[in-house]
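Me: Please look at the protein shown below, and let us discuss it in questions and answers.

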Amino acid sequence: FDSDKRFIVPEALVVDKIAKLPTCHVDVHALKHLTGLQLSDDTFHTPSNIDCLIGAELFSQIVGPRRALPDGSPIILESALGDIIMGRVPALSSGTPLSFHVSQPIQQEPLETIVQKFWAMEDVPSPSQGLTLEEEQCETHFINTTQRLASGRYAISLPFKVSPSNLGNSYEIAKKRLLNLERKFQSNLAGMYWPIFL
């Protein structure tokens, strides 16, 4: 296998413990036909923690052809990580064959590097440019006009891009429309809703 081969993992999940496999020691003397293979895990016969679970997306890129073996033997898959043994094997503690999967442990970066990458991802990006003139004016307006009322609420003056006088003389028209709405609500039909709006 090629030890310089690299794979891109788009998404990874780091957990404290996955599982321990195999569940008991494997009788390697009963698997003489496996000698001489370049295995992805030389200690596959000893129970130990799983270092890495590979998802189907990456597994299909790593695994190569299957080697032909006698019936009842575990399957050997050629892979970019070395030969992978899968299937039933004889256990040392009992004659019951167990099923297991083996994979090569992945060398991890030093913890310091991983933590630095984590904090780099978590940092809030600072704006590449300063605030625009309009944004500065909005922020200044917000700071100068925000006040807390006795009720605990905040009162903030609305910023205008242009002077409110450009709205024209609409006060009288707006007042007239409000009074018309009030008269409608005072009618018998809407009388039961009127107290809600007072």
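Me: How many bridges join strand 4 to strand 5?
Reply: This is a predicted model, in which local features need pLDDT of at least 70, side-chain atom pairs count only at pLDDT 80 or more, and totals for chains, interfaces and linings use all residues. Residues are numbered from 1 along each chain as its sequence is written, and side-chain values use heavy atoms, with hydrogens and water left out. Strands (E, at least two residues) and helices (H or I, at least four) are DSSP runs numbered from the N terminus, and two strands pair if DSSP finds at least two bridges between them. Strand 4 (residues 75-79) and strand 5 (residues 84-89) run antiparallel, and the bridges that join them number three.

Me: Which residue takes a positive phi in the hairpin of strand 4 and strand 5?
Reply: This hairpin has four residues between the strands. A positive phi near 115 degrees is taken there by G82.

Me: Is I114 buried, partly exposed or exposed, and why?
Reply: I114 lies in helix 2 (residues 111-122). Buried means under 20% relative accessible area, exposed over 50%, and partly exposed in between (1.4 Å probe, protein chains only). Because its relative accessibility is 36%, I114 counts as partly exposed.

Me: What percentage of the residues of the protein count as buried?
Reply: The protein has five helices and eight strands. Of its 198 residues, the share that counts as buried is 15%.
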